[in-house]
Amino acid sequence: MENTGLFARSFLFGVTCFLIMLSKVNGDVSYSVTEEKKIGSVIGNLARDLGINVKTLALRKARLDVDEGSNRYCDIDMNTGDLIVAERIDREELCGLTTTCTLKYEVIIENPLELHRIVVEITDINDNSPTFAKEIITLEIRESADKGARYAVNEAHDADIGINSVQSYKLKENSYFSFVFHNKPGQEKYGELVLEKELDREQEQEVRLFLTAIDGGNPPRSASVVIQVTVLDANDNYPVFSQPVYKVSIREDSSYGTTMTTVSATDADEGADGQVTYEFGHLSGDLLKLFSLDSKTGDLILNGNVDYEKQTTYELKIQGKDGSGLASFAKVVIDIIDINDNAPTIHLKSLSNPILENTMPGTEVGIINVQDKDSERNRQIRCSIQGNVPFMLTPSIKNYFSIVTSGPLDRELTSEYNITVVAVDEGTLPLSSLKTFQLSVADVNDNIPVFEEQSYKAFVAENNKPGTSVCSVTARDPDWRQNGTVLYSLVPSEVNGVPVSSFLSVNADTGILHAVRSFDYEQFRSFKVQVVARDNGSPPLSSNTTVSVFISDENDNSPQILYPAPEGKSLMTEMVPKAALSGSLVSKVIAVDADSGQNAWLSYHIIKSTDPGLFTIGLHTGEIRAQRDITESDNMKQNLVISVKDNGQSPLSTTCSVFLVISDNLAEVPELKDMTYEENNSNLTSYLIIALVSVSTFFLTFIVLILAVKFCHRRKPRLLFDGAVAIPSAYLPPNYAEVEGAGTLRSSYNYDAYLTTGSRTSDFKFVRSYNDNTLPAECTLRKSTLPLSSLKTFQLSLADVNDNIPVFEEQSYKAFVAENNKPGTSVCSVTARDPDWRQNGTVVYSLVPSEVNGVPVSSFLSVNADTGVIHAVRSFDYEQFRSLKSRL
Ligand SMILES: *[C@@H]1O[C@H](CO)[C@@H](O)[C@H](O)[C@H]1NC(C)=O
Ligand SMILES: *[C@@H]1O[C@H](CO)[C@@H](O)[C@H](O)[C@H]1NC(C)=O
Ligand SMILES: *[C@@H]1O[C@H](CO)[C@@H](O)[C@H](O)[C@H]1NC(C)=O
C-alpha cells in the first residue's frame, strides 16, 4: 500500500514537474496560492523551478520586480529559494469579482541578466458572507396581481467567487410567495418572488418575508433580509428601459460632473404608477461615491476621477421603478478611454560604477528598465542617451535596456560622465522623462611619464662646489595618484671608467640633478647621463632622457713655462753674439696653459731687465729679440725677468728669468760661470768648481787661440741662435704631465756646445753638440749633463794593467725621439771611458738583452759597438708606447 502511495506521489510530482517545465518553456512559471495565507507561507520553490542554484541567488541579486507604488504580496526567500507570501493577500481586494485573480511578477537575476515571468494565481476561500444591499427590501404589490406573478428581488452580494458566491436562497415558509433563483452559467443571475396565492389587501395589508442567501462555501455563510411586501391597489405595467445595456465610453481625464449617459425607462401606467424613478442596483461604496444617478432624470453623472490605469471598465446595474413598486433593471457599461497621462518612468536596475578607463567598447555597464502605465501606443517607449557620451542603449529583454560603452574611455580626458537617459512614449502628445546617472572612470596606468624636453643640456663651471644643482628635469604623467607620480633616477653608466653616480645625483622627487663632486675641465669637458622617469604604477611605466653636462673652463691653471726651466731648478744662459743686430732673435720663452680659450691665451712681458730697452719680447710669441744693435758698451751679462700671463678673467701669471751673455768669446766664460752661479748660495763646492774651470779654461783658451790662428780663415764660430729658434720638437713634451724633464736643460750645455763648435778637430772628444753631425737634428740629447772635466797630458810611459773598468760618462742617459722616426735614426750616444792602454782601454758597447712590452729590446734599438751610438731599429709610435728603458 505504502509502495503504491509512494509511486502515485512520485508520479504526481513528475507530472507537476513536467507541467512546470512546460510552463517554463513558455516563459512563465505559475503558482497557485489561496488568499489570506499567513505571511511567510511557502508558495513554491522558485529556485528549483527556474533551475537556479540557491546559493547564487543573493549574489545574483535575484529579485521580484514590482511596479512602483504597487504592493509586493510575494517575495523570494534567499536562503531556500522559496517564493513566499510577504503580505496579506485578499483576493477580493485585489480582483473583486474577476474570476481569475493572478499576480504577475518579473524575476530579475543579474550577471548574466535573466528575466523570468511568474504568475501566482490567487484562489478564493470563503471568507466573505453574502450581503444584501438593504436590510429591508420593500415591495409594493397590487392586490390584482395574478398568481404566478414574478417580482425581481435585488440579489445578495458575495465578494467571493465561484462556489463561494451565493448559491441558493431560502425563503421562510409563508402562504403567499415562493422564491426562484435563476442561476444558469453564462446568464444573468437573479432571484424572483413568485406569487403563489393571490393577495387580498383587505385581508392582509402587509406581508413580511424572510429571505436567506446561502453561499456554497464549506462551511456555508449566509445572510438574511426582510422583504416587506405592501399590498397596493392594482397597477398593471412595469417600467421598460429603452436599452437593456447602455454602453458609454469616457476619457479618463473627464472632469467632475460630466453626464456620461442618461438612462430612461417608460411605464405605460398613468399617474404615479407610470412615474419611473431610477436607482443603482448593488454598488460598492467606492462606486457610489464615483457615480451618481439622478433618480428623476436618469442622468448618470461622474462624481470623481476615473483612471484607466486603475480600472478600465465599470458595470452598473440600474433599477427603474414605477410609483407602485414595479421595477425592471438595465445595465450601464462604462469603458474608460486611455489618455497619455503617464510619462514613462526610468529605473536604474544596476550600474557598475566606477568603470576602468580601459573598458572595451561594447561592455555592459548598467541595466535600466523603463515603464509606462498607459496602454497601447501610449505605452510604446523609445529610449536614448542624450548628449555626446560614449555610451549607448541596447534593448535587452522587454522593457530592459543595457547601457553599453560605445567608444574608448580616457580618464585623463573625462573622468566622470553624466549619462542622461531620455524615454519618450509614442502618444499623440508624447510624454517623456529624463534620468541622469553619474559614472566615474577609474584610472589605469596607461600614460608613460613624458619629459618636457627630448634632451637636456647643463652647463657647469669647473671647480663647482659638490652639491651644486646642475639642472632640473621634469616629466609629466597625467595618470591618477601613484600611477601619475613620477620618480627620477639615473641610469647606471660610466664616465671615463667611473660610475656616473659619483659625478651626479638626481633628486627622485624633484628631478633636480646635483653635482656630487667638483669637476675639472682639464680632466674632462663633458659627459652624458641618462635619467629615467618612472611612475609608481604597477607595473610602472618609464621613459628616459639624456642630460649632457658641459663643464666650462675657469682660469684655474697658471701658465707653465717649458723653456727656460723654471727658476730654482737650474739656470739657463743664452749666448748673444756681440754682433747681433737690432731685431735678431735671441731666445724664446715657451709656456703653456692647461686651461683653454682665453684662459690659455698667453702674453709675454719683460718685467725687469738689466738694460731696459735692449731686448723686447714678442707679446704673443715669447720671442726675445734685440731691440737695437748691440754695442761694446752693453753689459755682458743681461738678466731678464719675464712674466707670462694668461688672458683669463682674473689672469694668472708665472715669471721666469732668462740670462743672456753678450759674448762671442769663451774668454768671458769665467765671468759667465760667475754669473751663472752668482745667485746660488756660494759654497765650497762652487768655488772648487770655479777654480777648476778657470784653470781648464785658461788652458783651453790657449789651445783655441792657436787653433783659431790656424783656422781663422776657414771657419767662423757658430752662433747658437742665428735666425729661427731651433727648439727641437722634443722640448714640447706630448703631455704636460711629463714636463719634469724640461728642467734638465742645463746652462752648461750651451757652454759645452759652444766649445765644440770651435774645436772640431780637437783631440779632446769629450764634448758634443746637438749640432754635431753625429747627432741629427731630430735626435737630441736631452740630458747630456756632461760633467765639466779637464785632462792634462804628461809624457810618461807606463805599462798598462787593466785596472780600470769602463765608466760611463753619465749614470743614466735619456733620449728623446720623435715618433715616426726613420729606422736607423741615431737616438743618442753613450760614452764610457777606460783609461787603460790599447785593448785594455778599448770600450765595446752592447745592449743587455731585455724585453719591452714583451718584445726584445733589440728589435727597438741597436748600439754601435765601437762608437756607442744608439740607433732606432724601427719606427716608433707614440700612440703605442711612450718610453722604454734599456741597459748597456
Ligand atoms: C554632472 O552633474 C553634476 C550635478 O548634476 C555636476 O556637478 C557635474 O559637473 C556634471 N559633470 C559633468 C561631467 O558634466
Ligand atoms: C593605477 O593603475 C592600475 C592599473 O594599471 C589600477 O589598478 C589602479 O587602481 C590605479 N591606481 C589609482 C590610484 O588609480
Ligand atoms: C631609454 O629609452 C629608449 C627609447 O625609448 C629605450 O630603448 C631604452 O631601453 C631606454 N633605456 C633605459 C635604460 O631605460
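**Entry 1: the disulfide.** I began with the link of C95 and C101, which is right-handed, with 60 degrees about the S-S bond. I note here that the model is a predicted one. The sulfur atoms of C95 and C101 lie 1.8 Å apart, and the two residues form a disulfide. I take the pair as a disulfide because the cut-off for two cysteine sulfur atoms is 2.5 Å. The count by this rule comes to 1 disulfide. I then looked up the burial of the two partners: C95 is buried, and C101 is buried as well.

**Entry 2: two further cysteines.** Are C74 and C471 buried or exposed? I found a relative accessibility of 0% for C74, so C74 counts as buried. For C471 the value is 15%, and C471 therefore counts as buried. The cut-off that I applied is under 20% relative accessible area.

**Entry 3: N126.** I located N126 in the loop between strand 7 (114–123) and strand 8 (136–142). N126 has a relative accessible area of 14%, so I recorded N126 as buried. Which residues does N126 touch, leaving aside those up to four places away in sequence? They are D158, D160, N164, D215, G217, N218, P219, P220 and R221.

**Entry 4: ligand 1.** I found E416, N418 and Q438 around ligand 1. An oxygen atom of ligand 1 lies 2.4 Å from an N or O atom in the side chain of N418. Ligand 1 taken alone exposes 360 Å², of which the protein buries 31%.

Conventions. Residues are numbered from 1 along each chain as its sequence is written. Chains are lettered from A and ligands numbered from 1 in the order in which they are written. This is a predicted model: local features need pLDDT of at least 70, side-chain atom pairs count only at pLDDT 80 or more; totals for chains, interfaces and linings use all residues. Side-chain values use heavy atoms; hydrogens and water are left out. Helices (H or I, at least four residues) and strands (E, at least two) are DSSP runs, numbered from the N terminus. Buried means under 20% relative accessible area, exposed over 50%, partly exposed in between (1.4 Å probe, protein chains only). Contact means heavy atoms within 4.5 Å. A residue is near a molecule or strand if one of its heavy atoms lies within 4 Å of it. A polar contact is a pair of N or O atoms within 3.5 Å; within protein, one must be able to donate a hydrogen and the other to accept it, and residues adjacent in sequence count only if both atoms are side-chain atoms. Accessible areas come from the Shrake-Rupley method with a 1.4 Å probe; for residues, only the protein chains shown count as cover.
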